[in-house]
Structures are given as C-alpha cells and as structure tokens.
Amino acid sequence: MTQSPGQLFAQAYADDPAHAEVTFDYTITEAHEPTKDRPRLTVRNLLKVVPVEGDGHRFWTESPPSDEERQTVRDSGVRREAAFRFGMAEAKVQPIQAWVQIPDGLAADPDALATFLDYRLLVRLATAENLALTTALLGHPEIARLPYDTDYVEGVLTACDEVEQSGATPHAMVVNPNDYYHRLVGRGGLLAELAEGNGMKVSRNRWVDPGDALVGDISVAARLLDARRSVIRVAEPPPGTFARPGVAVCAEVYEGVAVHLPGLFYLVTPAEKNRIFPSS
C-alpha cells in the first residue's frame, strides 16, 4: 500500500468535495493501523480471519448438548465434547460504520486532511469494529454463563479450567479495562503465568461489563468473516451523529462473526447479576 486510505480520500475530496468517495478491495481496519506503535489487542486480533463473498455465510457448528443428549452419549463422562451436537448456522456480513466531520479550513491542506482521516476516522472505525465483534460474541445464545460469588480472578481461572475440560485451550479473554487494571495487573504475575502457560491474549474494551470476562479458545471457536471491501465517502449522517452541522465523512467495512464452537466460551459474571430478588 503506497498511499494510506486518508491520502487517497484527500485526493478524491480535492477533486469533488460534494461527492468524494473511495472504495477499497481490502479491509482498511486491518491494512492500516494508526496506533501500531502503542500495542493493544482488539477482538479482531484474537480471531482468525476468513475471506467471504456476499452478505451471508453458512458454516458448521458444534453446540453444547442438552442434559438428556449428554446422558445418551457413551463417552461424555470422560470427554464432554463427545456430546456436542453437530449442525449448521448462518452469519450475516454487515456494514460497520464510523463518522467524522471535517473541521473548517482543514481541507485546504490535503496532507493535514489525510492525517486527520488516518488518525481519527480510522481509529473511530476500529473502535466501532471492536464494539461490533464484541457484541456479536457476547450475544451468542449458546455461550454459557459462569457465575462467581466474590473473587473475579477465581472466576476467570474456573473458566479456563472449564475450557480445558472440553479438550481446548483458553488462549484469550476479553475484559473491561477497569478489571484489567484493578483486578489482573500486578496480581502476583498472573497475566505472565497465563501468557507463558496458555499463550493467553487479553483484549480489553468497554463493552464487556465491569466484573465480567469472556474467556475461551477464541481462535478455534470463532471466525471473523471479512468481505474484504471498504469505503470512505462524504455522506449525510444519521440524526444524532453530531451536535453541529458540518461536512461529514463516513468510513465503512463489511464483517461478521461465525461462532463454530460456542461450548469453548464462558462468560464469567458476578453471581448477583443472575439472582432474582423478591419484590418487597
């Protein structure tokens, strides 16, 4: 890539400010990383990427069984994954968007406009992508919840054990930054031990609730479906996008998530979130 997405769009904007649009045959959040000098794992970094065509993708699944199904499988007592049921599912590839407004006077300097787009629009797009992928995983109906009473770390380690009891390796987790800094960092070398023993990768973002942790063999259990197309264009933003009028630019990628093995994920969550308290 000889020119960045921001540089290409700045050229198009200089030629036609009212209708500028640039399409890409690759996913711009993957190809251009404006924050690569400050390493921080995103959910994209935890997933294997599968290029796909079209807007829908059918894929195989192995789902956790019911109790009745588990009892009928001869080896489920020693290999719980033996009772996983086989099936097919479908995931949609959908647009993920982010927006910025071009400040008055910036477009007069194409280099400054390109830098603004590369370091603000693409960062916002990466944030929107992180939100969409996290939400897709958290919202899967077959991912089990694993309540803990008081000890967050014990809950995380219990989830790691549960993943291994299904024959997999808990190599990644997604946690809230509050828990990362206040419950995991500096706790007797815990993160270093998990990284050394499991190759554990930690993605921290705001869309896992504080007190929760999504733990799993993520690179085996799920795939990022990538349509390998992107666009940056001048467009009319949806109501409520900005507080003030101005020239708006939208960046868009097309992605989805296929969860092949939901039984290799556990959502660690405080027990009180799942308790039903009687009304007074």
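Residue G6 lies in helix 1, which covers residues 5-15, where helices (H or I, at least four residues) and strands (E, at least two) are DSSP runs numbered from the N terminus. The model is a predicted one, in which local features need pLDDT of at least 70 and side-chain atom pairs count only at pLDDT 80 or more, while totals for chains, interfaces and linings use all residues. Residues are numbered from 1 along each chain as its sequence is written, and side-chain values use heavy atoms, with hydrogens and water left out.

G6 counts as buried because its relative accessible area is 0%; buried means under 20% relative accessible area, exposed over 50%, and partly exposed in between, with a 1.4 Å probe and protein chains only. Leaving out residues up to four places away in sequence, G6 touches A114, L117 and D118, a contact being heavy atoms within 4.5 Å. G6 and L122 are 116 residues apart in sequence, and their C-alpha atoms are 8.5 Å apart in space.

**The protein as a whole**

The protein has nine helices and 12 strands, and its C-alpha atoms fill a box of roughly 70 × 50 × 40 Å along the principal axes. Of its 280 residues, 46% count as buried.

**Nonpolar cores**

In soluble globular proteins, nonpolar side chains tend to be buried together. A nonpolar core is here a set of buried Ala, Val, Leu, Ile, Met, Phe, Trp, Tyr and Cys residues joined through side-chain atoms within 4.5 Å. The largest one has 42 residues, and those with the most contacts inside it are L137, M173, V175, L184, V215 and F265. Its largest share, six residues, comes from helix 6, residues 152-164. A second, separate core of 25 residues includes I96, A128, I232 and V249.

A144 lies in strand 6, residues 144-148, and A144 counts as partly exposed because its relative accessibility is 33%. A144 touches F265, Y266 and L267 when residues up to four places away are not counted.

**Paired strands**

Two strands pair if DSSP finds at least two bridges between them. The table gathers four such pairs.

| Strands | Sense | Bridges |
|---|---|---|
| Strand 5 and strand 11 | antiparallel | eight bridges |
| Strand 10 and strand 11 | antiparallel | 10 bridges |
| Strand 7 and strand 8 | parallel | four bridges |
| Strand 7 and strand 9 | antiparallel | four bridges |

In a regular strand the side chains alternate between the two faces of the sheet. In strand 11, A248, C250, E252, Y254, G256 and A258 on one side and V249, A251, V253, E255, V257 and V259 on the other are all buried. Within the pairings of strand 11, Q94 stands opposite E255, and L225 stands opposite G256. Strand 10 also holds R228, whose phi is near 55°, a positive value in a residue other than glycine. R228 counts as partly exposed because its relative accessibility is 28%.

Strand 7, residues 172-175, is likewise covered on both faces, with A172 and V174 buried on one side and M173 and V175 buried on the other. The bridge partner of A172 in strand 8 is K201, while V174 stands opposite L214 in strand 9.

**The second largest pocket**

On a 1 Å grid over the protein atoms alone, a pocket is an open set of points where a 1.4 Å probe fits, with protein on both sides within 12 Å along at least five of seven lines, and lining residues have an atom within 4 Å of a point. The second largest pocket has a volume of about 310 Å³, a volume being the space filled by probe spheres set on grid points that are joined across faces, edges and corners. Its lining has 20 residues, of which A91, K92, A136, G256 and V257 lie nearest the centre of the pocket. Strand 4 gives the most to this lining, with five residues, and strand 11 is among the elements that each supply at least two. The lining divides into 11 nonpolar, five polar and four charged residues, where Ala, Val, Leu, Ile, Met, Phe, Trp, Tyr, Cys and Pro count as nonpolar, Asp, Glu, Lys and Arg as charged, and the others, Gly among them, as polar.
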